[in-house]
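Please read the following report alongside the model shown below.

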Amino acid sequence: MHAWPASEVPALPGKGRDLRIHDTATGGPLTLDPGPVARIYVCGITPYDATHMGHAATYNAFDLVQRVWLDTKRQVHYVQNVTDVDDPLLERAIRDGHDWTALAERETALFREDMTALRMLPPQHYIGAVEAIPGIVPLVERLRDAGAAYELEGDVYFSVESDPHFGEVSHLDAEAMRLLSAERGGDPERPGKKNPLDPMLWMAAREGEPSWDGASLGQGRPGWHIECVAIALDHLGMGFDVQGGGSDLVFPHHEMGASHAHALTGEHPFAKAYVHAGMVALDGEKMSKSKGNLVFVSTLRREGVDPAAIRLALLAHHYRADWEWTDDVLREAVERLGRWRAAVSRPDGPSADALVDEIREALADDLDAPAALAAVDRWAESQNAGGGTDEGAPGLVSRAVDALLGVAL
Ligand code: 5CA
Ligand code: ZN
C-alpha cells in the first residue's frame with residue numbers, strides 16, 4: 001500500500017536529546033539507544049470507520065517519537081499496518097450492505113488525508129493485512145511444525161505456553177487476561193483449546209467470508225496478532241526499538257505478538273520498548289468505533305477547523321494520560337494557535353535559543369508535549385507583550401514548532 005506524503009521537517013540548529021520513554025514491559029522509564037537508524041512499528045487502523053480523535057492522539061504520540069529521533073540526526077525506519085481484513089470490518093460491511101474491500105479502501109484513503117492534514121510523518125512501509133498474507137502463511141506453518149501451534153477444527157491456535165516470556169509485556173493475572181481476551185477479539189470460552197488464552201493464528205474459511213490460499217493450512221484468513229508480527233519481522237527484524245499503539249493494545253495484542261515472535265525466532269525481545277498511549281474519551285466513555293461515540297478528524301476539517309488547531313488540542317495532553325475530548329479542548333487550541341501565529345508574525349522578538357532547548361528537553365522526557373506547549377506559551381506571551389529585538393527569533397520558533405511538534409504556524 002502507499003502511505004501519505006511527508007510534510008517537510010525544518011532543520012534546527014544543534015541537536016536534540018536522546019528519548020527517555022515509559023516502557024510498559026518494565027513499567028518504568030527507559031533511555032532508548034537506537035543506532036543510526038531507529039526502528040519503530042506502530043499498529044495501524046482497522047479501516048471500517050473514519051479517523052477519530054483517539055486514533056489521532058495515538059498517532060500524534062508516535063509522530064513525536066519520530067520527530068525527537070530525527071532531531072538527534074538519526075534516520076527513522078517506521079512501519080505501520082492496516083488491518084484491512086478482520087471481524088469488525090467484515091461485520092460493518094455486512095451491516096451496511098457494502099463490499100468489505102471498498103469500505104477498507106475508502107476509510108484508508110480518508111485516514112491518509114487526515115494524517116497528511118495533521119502533518120503526521122508517514123511510515124516508509126505501509127502494509128495491509130491482505131498483502132501480508134503470503135508472508136504470514138509460512139510463519140504459521142513454522143509455529144505449527146515447531147509445536148508452538150495446534151489445530152482445532154481446521155483453525156490454528158498459538159500455544160501461549162510455548163513462550164517462557166509470555167506475560168512479560170502486560171504483567172496481568174490470569175483472570176484479567178481472560179476478561180480482556182474475551183473483550184478484544186479472543187475466544188477464551190471455546191472448548192478444546194489447550195489454554196483459554198491461546199489466540200488464533202489462522203482461521204479456516206467460513207461460509208460467506210473472504211479467504212485465501214493458506215498452503216498446508218488450507219483456505220482461510222490470518223489472525224490479528226500474527227499480522228503485525230509478520231509485517232514487523234519482515235521490515236524491521238527482531239529487537240527493534242519501539243512497538244507502539246494505544247493502551248487497549250497492551251493485552252492481548254502486544255503480549256501475543258511478542259510471544260509469537262519469541263517462539264518463531266528463539267530470540268528475545270521482539271521490541272526493546274512497548275509504548276502505549278492513553279485512551280481518549282467522549283461523554284465519559286472511551287471513544288470507539290464499536291460504541292459510535294466519535295469525533296472525527298475529517299468532520300472537524302470539513303467544518304473548517306484548522307488541522308494545526310486539532311494537532312494543538314492533542315498536544316495539550318500528555319500521551320500517557322486518559323483524557324476527554326470536549327468543545328473547550330478545541331476552543332483552547334484554536335486560541336493558542338491564534339496567539340502563537342500573532343507572536344511569530346512579527347519581524348523580531350525575544351531570543352528563542354533557550355525555548356528550542358526547553359522544547360527538546362520536554363519531549364525527550366517521556367514526550368512531555370504539554371510542557372513544550374507551556375514553554376512556547378511563555379515565549380509568545382513575552383513577544384506579544386512587546387519584548388525583544390532578536391531578528392531571527394520568530395522564524396526559529398516557527399521552525400522549531402514545525403519540526404518538533406508538527407504544527408505549521
Ligand atoms: N488495527 C488494530 C491494530 S493492529 C487496531 O487496533 N485498529 S484501531 O483502528 O482499532 O485502532 C488504531 C489505533 O488507535 C490503535 O493503536 C488503538 O490503540 C488506537 N485507539 C483506538 N481507540 C482509541 C482511543 N479512544 N484513544 C486513543 N487511542 C485509540
Ligand atoms: Zn497491531
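In which loop does Gly218 lie? Gly218 lies in the loop between β8 (200–204) and β9 (220–222), where helices (H or I, at least four residues) and strands (E, at least two) are DSSP runs numbered from the N terminus. This is a predicted model, in which local features need pLDDT of at least 70 and side-chain atom pairs count only at pLDDT 80 or more, whereas totals for chains, interfaces and linings use all residues. Residues are numbered from 1 along each chain as its sequence is written, chains are lettered from A and ligands numbered from 1 in the order in which they are written, and side-chain values use heavy atoms, with hydrogens and water left out.

Gly218 and Trp202 are 16 residues apart in sequence and 9.2 Å apart in space, C-alpha to C-alpha. Leaving aside neighbours within four places in sequence, Gly218 is in contact with Trp202, Trp212 and Asp213, contact meaning heavy atoms within 4.5 Å.

The zinc ion (ligand 2) is coordinated by Cys43 (SG), Cys228 (SG) and His253 (NE2), at 2.1 to 2.3 Å; donors are N, O and S atoms within 2.8 Å of the metal (3.2 Å for Na, K and Ca), and sites may look incomplete because water is not among the atoms. The angles among the four donor atoms of the zinc ion (ligand 2) run from 102 to 120°, and the site is tetrahedral, a label given to four donors if all angles lie between 85 and 135 degrees. Cys43 lies in the loop between β3 (37–42) and α1 (53–71) and Cys228 in helix α6 (residues 224–235), so the pair ties together parts that are 185 residues apart in sequence.

The table lists relative accessible areas; buried means under 20%, exposed over 50% and partly exposed in between (1.4 Å probe, protein chains only).

| Residue | Relative accessible area | Class |
|---|---|---|
| Cys43 | 5% | buried |
| Cys228 | 3% | buried |
| His22 | 19% | buried |
| Gln243 | 2% | buried |
| Gly218 | 26% | partly exposed |

Gln243, which is placed in strand β10 (residues 240–246), has a side chain that makes a polar contact with the side chain of His254 (3.5 Å). A polar contact is a pair of N or O atoms within 3.5 Å; within protein, one must be able to donate a hydrogen and the other to accept it, and residues adjacent in sequence count only if both atoms are side-chain atoms. Not counting residues up to four places away in sequence, Gln243 touches several residues, among them Cys43, Tyr274 and Val275.

Helix α9 is mostly covered, with eight of its nine residues buried. The buried residues of α9 pack against α1, α8, β14, α10, α12 and α13.

In α10, the buried residues are Val329, Leu330, Ala333, Arg336, Leu337, Trp340, Ala343 and Val344. Seen down the axis of α10, these buried residues fall within an arc of 145°, so they line one face of the helix; the arc is that of the directions from the helix axis to the C-beta atoms. The buried residues of α10 pack against elements including α9 (307–315) and α12 (369–384).

Technical notes:
Tetrahedral: all angles 85-135°; square planar, octahedral: opposite > 155°, others 65-115°.
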